[in-house]
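Visitor: Could you take me on a close look at how the helices pack in this structure? I am new to this, so please go step by step.

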Amino acid sequence: MIIFSAPKYFDQGRIEEFLNTAEPIFKMKNKLTPDVVFDLGKVNRCSVTALLVIYKFIDYTYHNYCFKKPNISVSKYLEQSWDTYQFTDLIKAYIDNKDKTEREYKKLKVEIHEDFLIAPQALLRNTTYTSEKLNSEFLPQIQKYYIGQDKAVNMIFTCLSELLLNFWEHAKKDSRSIIIASGDKNKIEISCADTGDGIVSTLGTSLSKKNLTPEQILELALNKGETSKELTNHMGYGLWIVEEIVKLTKSRLHIYSQGAFVKNDYGKRISGRCGYWQGTIVTLILYLKDPKTISDIPNYEDKEDLKNIKIDFS
Amino acid sequence: MKTINLDKYSPLISSQEVGEEIHSFLLKQLDKHEVVEVNLGSIKTMATFCAKQIFGQLYVSLSAEKFFERIKLINVNEDLQMIIRLGILSAIKNE
């Protein structure tokens with residue numbers, strides 16, 4: 001019997017532990033391994049990212065025929081969390097072996113109580129569906145929730161736009177990229193996860209001559225101007241901008257991809273090795289007390305060049 | 001002068017497909033009109049990729065002088081102005 005289990009207190013600090021546990025699934029594609037137990041029975045606390053990672057674990061193993069009739073035990077707490085975050089129908093579809101995920105995604109809504117949340121949302125490429133839904137339903141709700149906090153909204157939208165584009169571009173082979181967000185007046189947590197081409201392999205291809213470790217590649221992904229697609233419209237500014245805002249606001253950015261991680265916690269960056277996850281997981285926790293936007297970033301080497309561009313902003 | 005509104009893409013421009021659509025639309029308008037005014041009042045922000053894709057490409061293909069003479073960007077918030085500048089500078093450097 002093979003047992004995969006999730007930690008009791010599955011918060012941001014335990015993601016690496018779970019990735020170590022989950023690593024074997026990426027070698028189980030099409031194996032229909034019998035006697036597998038996915039033990040979620042002890043989970044008693046769970047971050048938004050942890051919920052998303054559990055969902056992507058189930059999603060990947062289902063679509064890649066990893067297990068044959070696995071047993072899944074779920075704690076009451078987790079059942080309630082799936083309800084709150086609108087994962088229940090999505091996960092039930094897998095457990096009942098009736099995949100209707102795309103249909104279920106279309107039912108998901110933004111919930112606004114004292115806190116708000118954006119239910120898990122597929123980032124579907126080559127359709128206007130996701131873009132339209134984000135713009136017409138989700139983003140106006142964020143604006144409404146943070147009414148009077150214009151700068152915070154600008155900060156959130158700037159980070160969101162860069163993260164979304166990054167995911168759409170890096171995950172071309174996997175339309176099953178998911179975004180989820182929740183927040184209150186003091187902070188917002190945004191998480192994206194996929195099991196497509198990870199940052200390490202997409203960026204690593206263009207850096208192959210440099211003989212870098214996966215964690216060095218992830219560190220480079222946060223540098224200005226590092227892109228896997230030079231001489232295109234890619235600028236390699238996206239994650240750099242997000243990290244600069246994280247540094248200025250003493251927020252948190254965690255990226256896990258293909259056996260490595262890079263984190264910036266409250267202005268301090270660390271990187272290292274962790275369990276292999278095919279694709280990428282990004283968590284951004286932004287603190288909103290003293291929001292900063294792109295105009296506040298002090299480190300533009302090209303400040304003079306930028307100023308000298310003649311644009312008629314009438 | 002032709003004024004173009006980008007309301008239908010608001011508040012966020014963050015995909016390559018949408019960026020390409022706007023770029024193509026602006027090119028068509030520039031074929032028909034000497035000056036095109038783009039109202040970005042409802043756009044909160046856009047990905048730097050899209051800024052390069054839309055305005056960077058136009059800047060390079062038209063030249064700096066023509067871009068200034070023929071494209072007016074109105075109601076652009078301070079952050080979006082910076083993003084557009086970054087997109088254009090990156091396009092210039094790629095030339």
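Guide: Take the contacts in chain A between residues at least 6 apart in sequence: 68% of them join residues at least 24 apart. This chain belongs to a predicted model, so please read everything that follows with that in mind. Chain A has 314 residues, and 47% of them count as buried. Its secondary structure comes to 11 helices and 13 strands.

Let's start with the domains. Chain A is divided into domain 1, residues 1-104, and domain 2, residues 108-294. Where they touch, domain 1 of chain A supplies 22 residues and domain 2 of chain A supplies 23. On the domain 1 side, the elements that give two or more residues are helix H1 (15-22) and H2 of chain A. H2(A) gives the most to that side, with 8 residues. Sorted by class, the domain 1 side that touches domain 2 in chain A has 12 nonpolar, 5 polar and 5 charged residues.

The axes of helix H2 (residues 48-63) and helix H4 (residues 88-95) of chain A come within 10 Å and cross at roughly 30 degrees. An angle under 35 degrees counts as roughly parallel, and that makes H2(A) roughly parallel to H4(A). The crossing of these two helices, H2(A) and H4(A), is left-handed. Which residues meet here? From H2(A) come Tyr55(A), Ile58(A) and Tyr62(A), and they meet Leu90(A), Ile91(A) and Tyr94(A) of H4(A). The residues of this contact between H2(A) and H4(A) are 6 nonpolar, with no polar and no charged ones.

Now let's move to chain B, where a helix called H2 again has partners to follow. The axes of helix H1 (residues 16-32) and helix H2 (residues 48-62) of chain B come within 9 Å and cross at roughly 20 degrees. That makes H1(B) roughly parallel to H2(B). H1(B) passes H2(B) in a right-handed crossing. On the H1(B) side, the contact includes Gly19(B), Ile22(B) and Leu26(B), while the H2(B) side includes Phe49(B), Cys50(B) and Ile54(B). In this contact of H1(B) with H2(B), 6 residues are nonpolar, 5 are polar and 1 is charged.

H2(B) also meets H4 (residues 78-94) of chain B: their axes come within 7 Å and cross at roughly 60 degrees. H2(B) and H4(B) are therefore oblique to each other, and their crossing is right-handed. Among the residues of H2(B) in this contact are Ala51(B), Phe55(B) and Val60(B), and among those of H4(B) are Ile84(B), Gly87(B) and Ile88(B). The contact of H2(B) with H4(B) holds 10 nonpolar residues, 5 polar and 1 charged. Gln57(B) is one of the H2(B) residues in the contact with H4(B), and Gln57(B) is also listed in the contact with H1(B).

Finally, let's step back to see how the chains touch. In chain A, 34 residues are in contact with 34 residues of chain B. On the chain A side, helix H6 (129-145), helix H7 (150-170), helix H10 (238-249) and helix H11 (303-308) are the elements that give two or more residues. H7(A) gives the most to this side, with 11 residues. By class, the side of chain A that touches chain B has 17 nonpolar, 11 polar and 6 charged residues.

How values were computed: Residues numbered from 1 in each chain as written. Chains lettered and ligands numbered in written order. Predicted model: local features only at pLDDT ≥ 70, side-chain atom pairs only at ≥ 80, totals over all residues. Axes fitted to C-alpha atoms, helices over the stretch in contact; angles between N-to-C directions. Helix = DSSP H or I, 4+ residues; strand = E, 2+ residues; numbered from the N terminus. Parallel < 35°, antiparallel > 145°, perpendicular 65-115°, else oblique. Left-handed = near helix turned anticlockwise from the far one by under 90°. Contact = placed C-beta atoms within 7 Å. Nonpolar A, V, L, I, M, F, W, Y, C, P; charged D, E, K, R; others polar. Domains from an automatic or database assignment. Buried ≥ 20, exposed ≤ 12 C-beta atoms within 10 Å, placed from the backbone.
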